[in-house]
Amino acid sequence: MKAFRLDDLEAERAANDGAYLQFMRGRSMSLGLYALDAGEADRQQPHKEDEVYLVMSGRASITVGMETTHVARGSVVFVPAGTTHKFHHITEDLRVMVVFSPPES
């Protein structure tokens, strides 16, 4: 079994000075924690994998393809592989659990 605490993951991510921390990788998926502070730009590019975001904290908007929605704690967003997507108008520090399937390459 693998078990994780969000506080520990956030501390590890911050200690490594990165916006993204991959903390688990299996044969069929990978998990990560993504962080963007209020006002920060999301510079990610489309991925080859399907992706699910679970917003753990913060507030922002996300555009996936041509659709935009507001997200906050508890929001879940699916992004199909190869689709352009960005978080924007980040008004509160955003912490997002990310699931890639298959694992991010």
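Colleague: In what order do the elements of the protein run from the N terminus on?

Modeller: The model is a predicted one. From the N terminus on, the order reads α-β-β-β-β-β-β. The secondary structure therefore comes to one helix and six strands, a helix being a DSSP run of at least four residues and a strand a run of at least two.

Colleague: Among contacts between residues at least 6 apart in sequence, what share joins residues at least 24 apart?

Modeller: That share is 63% in the protein. As for burial, 38% of the 105 residues are buried.

Colleague: What does the accessible surface come to, and how much of it belongs to carbon and sulfur atoms?

Modeller: The accessible surface is about 6,400 Å², and carbon and sulfur atoms account for 53% of it. On charge, the protein carries 11 positive and 15 negative side chains, with the centres of the two sets 4 Å apart.

Colleague: Let us turn to single residues. Is Q44 buried or exposed?

Modeller: The relative accessible area is compared with a cut-off: under 20% counts as buried. Q44 has 12%, so it is buried. Its place is in the loop between β2 (30-36) and β3 (50-64).

Colleague: Which residues does Q44 touch, leaving aside those up to four places away in sequence?

Modeller: Q44 touches Y34, E51, Y53, H85, K86 and F87. With Y53 there is also a polar contact, side chain to side chain, at 2.9 Å.

Colleague: Where is H47 found, and is H47 buried or exposed?

Modeller: H47 is likewise found in the loop between β2 and β3. Its relative accessibility is 15%, and H47 therefore counts as buried.

Colleague: With which side chain does the side chain of H47 make a polar contact?

Modeller: The partner is the side chain of Q44, at 2.9 Å. Beyond four places in sequence, H47 touches A81, G82, H85, F100 and E104. H85 is touched by Q44 and by H47.

Key
Residues numbered from 1 in each chain as written. Predicted model: local features only at pLDDT ≥ 70, side-chain atom pairs only at ≥ 80, totals over all residues. Heavy atoms only, no water. Buried < 20%, exposed > 50% of the residue type's maximum accessible area, 1.4 Å probe, protein only. Polar contact = N/O pair within 3.5 Å; in protein donor to acceptor, adjacent residues only side chain to side chain. Contact = heavy atoms within 4.5 Å. Areas by Shrake-Rupley, 256 points an atom, 1.4 Å probe, with all protein chains shown as cover. Lys, Arg positive; Asp, Glu negative; His and termini not counted. Charge placed at Lys NZ, Arg CZ, Asp CG, Glu CD.
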